[in-house]
Amino acid sequence: MNSKVSKPFIAAWLCWLVGCAQYQAKPLTEQAIQQQLETPSKRQLTLQATQIKHPLLKPIAFNVEDGLSPDEAAILAVLRNPKLRTIRDQHLIAGAQLLQAGLLPDPKVSYSFSAPSGGTDLGMNNAYGAGLSWQATALIWRQNKITAAEKQQQNVDLQIAWQEWQIAQAAKLAAYQLIVYRQQQALLSEMAQRLEDNRARLQEAAELGLVTELQRVAAVSAKNLVDVRLLALKLKIKQQQQRLNRAMGLKPHEAVNLQQDAELVTTMKTPSYHALIQNIGNRRLDLIALKRGYESQEERLHIAVMQQFPQISIGFNSARDNSNLYTLGFGVSMTVPIFDRNQGQIALDRATRQQLFDQYSSRLFQARADIAELLVTIASLNKQIESVRHAIPDLANLVKAYQAGIENGQVDVFNYYVAWNNLTNKKIGLLTLKLQLVQAGIALEVASGLYHVATDFNEKEL
């Protein structure tokens, strides 16, 4: 090989290597995993909560000392949920794809060498050839590729924000559920103690022959039924605690102090259906994401159509033959679109575009249907809660009347306990209805893409 050619070639090759990315190992060790899953300090959480950036969730003054509120649980889930870490990695992938879309194809360098091996003694020089070519048509669709990658990155970022929103709302609901379950547990525990007192009294009365065996057994049965309800509720509380810990990225047995005085709404005023669906396609994060994905696919289809035409490469070459004749030339090469013509990719991109179009239409239809159904549910729950709230004072007055009657010896104790238990069951039922109303309100927030839609609504802002 000619040293005048080989040395510059090797030097250029080494210079190119210096600018290449270097491989760095990242072992999957137990220590690295534990560090990733470690719960941050309260100070770190407080700082992160004030710096959160999200289209819907706003930074809050995070204070866990007075107990975790449902809104704080939502923010904590966004900050700590392990599933979201995986989802956010898609942003890096989309960024890499955007980088790749903006890069032009590398030029191609060719080199050949030949030495005489026999024949006449003419042309005893070694021959070589060097060439440089580049695909010029890549410039035609470069901007389309960049636009498609930018739209795709916007799609990914919006999908990440949508997933964060979903998980935040799920954590918020889980916190409300745990608060209500604990309040119901307090009421059931009070009822269980009351029925135990009643059972003990009837047991003594039965031994003295003052009540029948049927009355005693009925008291025992009533106590057992409440015990079963209480055990089932305690199991539900433990399960709900684990779900909340998982949503917030906490360890399974890590204690969470919730604000037990969190207010539950007794009535929910909602916007009209037409106000909620107005401009929903430009408000709900997943719908905006689908739009960006559709626009990205439009660009990909455009690129596929352009790539059916001949792809042209231009190049220069330099050569020396065995007779020591030097040549310098210019070349053009192009594909001849006869068989392939990129038909398969065009068909695939066109079908994908149609799929995204139908997906957006279906999601929009589902969002509108969900909003309509939730508005009916909320209106019904408002009426049920109002009815139960009006019934509770009457039952409370009845209990007071029975209590006064017992003191005067005019009322049977059994009827007094029945009225008292009915009052407790009504209170438990009211808590259940309030929780269902909270759940419907959160679902309406998700479906409409509006945060605190039932409390902070202003039609002029939509």
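I count a contact as heavy atoms within 4.5 Å. This is a predicted model, where local features need pLDDT of at least 70, side-chain atom pairs count only at pLDDT 80 or more, and totals for chains, interfaces and linings use all residues. Residues are numbered from 1 along each chain as its sequence is written, and side-chain values use heavy atoms, with hydrogens and water left out.

**Entry: Leu258.** I left aside neighbours within four places in sequence. Leu258 then touches Gly67, Leu68, Ala175, Leu178, Ile179, Arg182 and Leu244.

**Entry: cores.** I took a nonpolar core as buried Ala, Val, Leu, Ile, Met, Phe, Trp, Tyr and Cys residues joined through side-chain atoms within 4.5 Å. Buried means under 20% relative accessible area (1.4 Å probe, protein chains only). The largest such core has 42 residues. Leu258 is among those with the most contacts inside it, as are Leu68 and Leu244. H4, H5 (82-101), H6, H7 (213-247) and H11 (413-448) each give two or more residues to this core. H6 supplies the largest share, 17 residues. I also found a second, separate core of 29 residues, including Ile371 and Leu444.

**Entry: H4 and H6.** Helices are DSSP runs (H or I, at least four residues), numbered from the N terminus. I looked up H4 (residues 70-80) against H6 (residues 142-207). Their axes, lines fitted to C-alpha atoms over the stretch in contact, come within 7 Å and cross at roughly 140°. The contact includes Ala74 and Val78 of H4 and Ala171 and Ile179 of H6.

Definitions and conventions:
Axes are lines fitted to C-alpha atoms, for helices over the stretch in contact, and angles run from 0 to 180 degrees between N-to-C directions. Buried means under 20% relative accessible area, exposed over 50%, partly exposed in between (1.4 Å probe, protein chains only).
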